[in-house]
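Visitor: I would like to learn how to read the features of a fold. Please take me through one.

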Amino acid sequence: MESQRPGGGPGEYGDHGDHGESPGATAAAGPGTPDDGGDVLAEDRRWTHDLWAAAFCALALLLLLHIVDLGRDTLTVPRSALWSGLALLLLAVLYPPRVTVGHDWLAVRGLLRERRVRTDLLIHIARREGIAQRVVLRDAEGHRVEVDPVTLAVNPLIRHELDRGARRSRESGLLRTGTSALDGLRARMADADAEAARAVFDASGLS
């Protein structure tokens with residue numbers, strides 16, 4: 001999490017109309033965060049479920065390794081400690097990032113740190129393809145976060161706040177590239193909603 005500079009406060013939002021300021025000057029103003037009065041408006045509703053799933057996998061591995069050792073009569077304190085370490089490592093790997101949004105900010109908290117961007121000061125949005133797809137956001141203060149597109153898909157409030165911030169950034173002239181990534185995601189969500197509604201009508205015999 002980026003450290004706050006002295007003198008930060010809610011009154012620092014001010015007018016972002018002067019886009020001639022350097023990113024460093026903008027950063028001095030400080031984002032509206034829960035630490036300085038910015039409330040959390042929405043959070044990933046899947047996070048608790050994903051956390052329990054990660055914990056279950058780690059616990060299952062721990063029990064399985066202990067059961068195998070017990071069956072072979074090879075369980076010792078050092079081996080038990082080793083299996084516990086492996087289970088904790090698996091939990092760390094599977095630990096789900098927690099996405100929250102507030103007024104003009106979006107944060108992604110991992111196991112060790114939190115990253116945050118100002119959604120009203122976005123300068124770039126990109127879609128990273130591959131096995132683990134991500135929506136990459138970068139703001140004028142130099143901050144960067146990566147969000148799973150599925151998180152945006154299943155959390156309309158998070159998506160709405162991101163859309164609102166991106167629209168403000170575009171209107172102010174900061175966001176000039178990458179809006180197609182959000183537009184494409186929005187279109188896919190609309191198609192998915194239409195398919196879901198069509199399935200409901202088909203099942204009910206109203207189509």
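The dialogue below goes from the overall layout to the helix pair, the sheet, the hairpins and the phi angles.

Visitor: What should I know about the model before I start?

Guide: This is a predicted model, where local features need pLDDT of at least 70, side-chain atom pairs count only at pLDDT 80 or more, and totals for chains, interfaces and linings use all residues. Residues are numbered from 1 along each chain as its sequence is written, and side-chain values use heavy atoms, with hydrogens and water left out.

Visitor: How many helices and strands are in the chain?

Guide: Helices (H or I, at least four residues) and strands (E, at least two) are DSSP runs, numbered from the N terminus. Here the chain has six helices and seven strands. Along the sequence the pattern reads α-β-α-α-β-β-β-β-β-β-α-α-α.

Visitor: What percentage of the residues in the chain is buried?

Guide: Buried means under 20% relative accessible area, exposed over 50%, and partly exposed in between (1.4 Å probe, protein chains only). Of the 207 residues in the chain, 33% are buried.

Visitor: And what about contacts between residues 24 or more positions apart?

Guide: Contact means heavy atoms within 4.5 Å. Take the contacts in the chain with a separation of 6 or more: residues 24 or more positions apart account for 57% of them.

Visitor: Now the helix pair. At what angle do α2 and α3 pack?

Guide: Axes are lines fitted to C-alpha atoms, for helices over the stretch in contact, and angles run from 0 to 180 degrees between N-to-C directions. Helix α2 (residues 47-72) packs on helix α3 (residues 77-94) at about 160°, with the axes 8 Å apart. That makes α2 roughly antiparallel to α3. As for cut-offs, angles under 35 degrees count as roughly parallel, over 145 as roughly antiparallel, 65 to 115 as roughly perpendicular and the rest as oblique.

Visitor: Is the crossing of α2 and α3 left-handed or right-handed?

Guide: A crossing is left-handed if the near helix is turned anticlockwise from the far one by less than a right angle, and right-handed if clockwise. The crossing of α2 and α3 is right-handed.

Visitor: Which residues make the contact of α2 with α3?

Guide: On α2 they include A54, A58, L61, L65 and D69. On α3 they include R79, W83, A87, L90 and L94. The residues of this contact divide into 13 nonpolar, three polar and two charged. Ala, Val, Leu, Ile, Met, Phe, Trp, Tyr, Cys and Pro count as nonpolar, Asp, Glu, Lys and Arg as charged, and the others, Gly among them, as polar.

Visitor: On to the sheet. What is the order of the four strands?

Guide: Two strands pair if DSSP finds at least two bridges between them. The open sheet has the order β1-β2-β3-β4, with antiparallel pairing. Its edge strands are β1 (40-43) and β4 (114-118), each pairing on one side only. From one strand to the next, the twist averages 20°.

Visitor: How many bridges join the neighbouring strands, starting with β1 and β2?

Guide: Three bridges join β1 and β2, and V40 has G102 in β2 as its bridge partner. Five bridges link β2 (residues 98-102) to β3 (residues 105-109). In that pairing, V99 partners V108, V101 stands opposite L106, and G102 faces W105. Between β3 and β4 there are five bridges; A107 has R116 as its partner in β4.

Visitor: How many residues of β2 and of β3 are buried?

Guide: In β2, four of its five residues are buried. In β3, four of the five are buried, so β3 is largely enclosed by the rest of the structure.

Visitor: Which hairpin do β5 and β6 form, and how many bridges join them?

Guide: Strand β5 (residues 122-128) and strand β6 (residues 134-139) run antiparallel, joined by six bridges. R128 has R134 as its bridge partner in β6. Their hairpin has five residues between the strands, and G130 in the turn has a positive phi of about 130°. The hairpin of β3 and β4 has four residues between its strands.

Visitor: What is phi at D73 and at D104?

Guide: Most residues other than glycine have a negative phi. Phi of D73 is positive, near 60°. D73 lies in the loop between α2 and α3 and is exposed, with a relative accessible area of 72%. Phi of D104 is also positive, near 75°. D104 lies in the loop between β2 and β3 and is buried, with a relative accessible area of 2%.
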